[in-house]
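Me: Can you walk me through this fold step by step? I'd like to start with the overall picture and then zoom in.

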Amino acid sequence: MSAGLEVSPQSPLDVQELLDHCISFIPRCSESLRSCSLVARSWVDAAQSQLFREPYAILGSRFYRMENASRFCAALCSSPRLVGYVRALTLRLDHDLELNMKLCSVNFSRLESLEIWAPDDYYFEPEDIPFLHLQKLSSLSTLRSLELRVQQGFPFWAPLFAHISPTIQKFFLYCEIWDTDHSAVPDDAPRVKLKSLRLTLDGSPATRYDIQDIISPHMLRPFDLSQLIALEVQQSEVRWKIPPQTGRMIQILDVCFGFLERFDLSALPQLTHLRLDEIPGDVTISVIDSLSTLPLPCKLHTMVVGYSQHLKADQYIILDRFLSSYQSSYPLMVEIETYDEEKAGYHEKYPIMSSQNQLQVVYRAIKDPTWFMDMVANL
């Protein structure tokens, strides 16, 4: 370099790539990102890409308000450049039909996650749903995740499944399960090979269901579960014995123990992460019996005990002794979930695991799905 050439020091914020990276770490708050977009022209794209990436993450429940959803739709229609930023979209079915049809007609080029939602007390007929418009979204080749949160049963979505994208890897279904007529789902519907499946089943509490029937190819057509890695089922009236063809690759399992007498894990040779939610105080021995069904050599290295505050003192001792000496190919870490933010008293209830540094006490809100979702994201 010549002696006469001087290079002035450059601020990191003058480098566009570094600037964009810094803005990506800003918490998704509408006010903060709006302020960033007003600083300089070079800040606009990065700020808007975060602002429009997941509009529900920015606005929370406010996004469900009709006026906010209408403003979001109007912004996309007036500025097509913003459409390329949208990665996740939530449609509320009790909103105005015309508004939902407008959102469905937008040419999303990079949409990865679609959620279709309605309040629990809102009932509608299939003819009330713009399935032809929803099919445009559900068939996008960029789609990776689909969530259906509506009380109506699985067959209600048959028109949507007839034109579903085979690129979907994550599926979450919240619905009733007593309606099992799947004749409306065409046999030639695209096969969707899932990696992650979440089911919250609001069936009749007087009915016992067999998990083999619920996750059978007939019940969940057109979804293929042969490559399933993560499974969550929230329904305490389910009899558990996972079919071998479904369980052979499952690494993450999240179940509501509820009133189960025992569940069979023998078809899960790859299981590494297990969460048992809502363990009643009278089924501790059933939990131990269930864990004993895992095939050897066992690969389990993380177990989460969800909200078991109602166990008796002797049941804490039984669990502590069993889990502290559990035979696995890896050191077993045990997380105890609590909704007490102070997390007090749990190490005293599990003294052996505490002394062996096996125990972690974690605060999570009740019915918080983040554990399962974080595990799936880490895969």
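**The overall picture**

Reply: The protein chain has 15 helices and 16 strands; helices (H or I, at least four residues) and strands (E, at least two) are DSSP runs, numbered from the N terminus. Heads-up: this is a predicted model, where local features need pLDDT of at least 70, side-chain atom pairs count only at pLDDT 80 or more, and totals for chains, interfaces and linings use all residues. Residues are numbered from 1 along each chain as its sequence is written, and side-chain values use heavy atoms, with hydrogens and water left out.

Me: What percentage of the residues of the protein chain count as buried?

Reply: Buried means under 20% relative accessible area, exposed over 50%, partly exposed in between (1.4 Å probe, protein chains only). The protein chain has 379 residues, and the share that counts as buried is 51%.

Me: In what order do the strands of the open sheet run?

Reply: Two strands pair if DSSP finds at least two bridges between them. Here 11 strands form an open sheet, and the pairing is parallel. The order is β1-β2-β3-β4-β6-β9-β11-β13-β14-β15-β16.

Me: And which are the edge strands?

Reply: Look for strands that pair on one side only. Those are β1 and β16 (359-363).

Me: Which helix does the chain pass through from β1 to β2?

Reply: β1 (residues 88-92) and β2 (residues 113-117) pair in the parallel sense over 5 bridges. The chain gets from β1 to β2 by a right-handed β-α-β crossover, meaning that, with the strands pointing away from the viewer, the path from the first strand over the helix to the second runs clockwise. The helix on that path, residues 97-105, is α6.

Me: What about from β2 to β3, which helix is it there?

Reply: β2 and β3 (residues 145-149) also pair in the parallel sense, over 5 bridges. Leu114 stands opposite Leu146 in β3. The β-α-β crossover from β2 to β3 is right-handed, and its helix, residues 131-138, is α7.

Me: Is Val150 buried or exposed?

Reply: Val150 lies in the loop between β3 and α8 (158-161). Its relative accessible area is 1%, so Val150 is buried.
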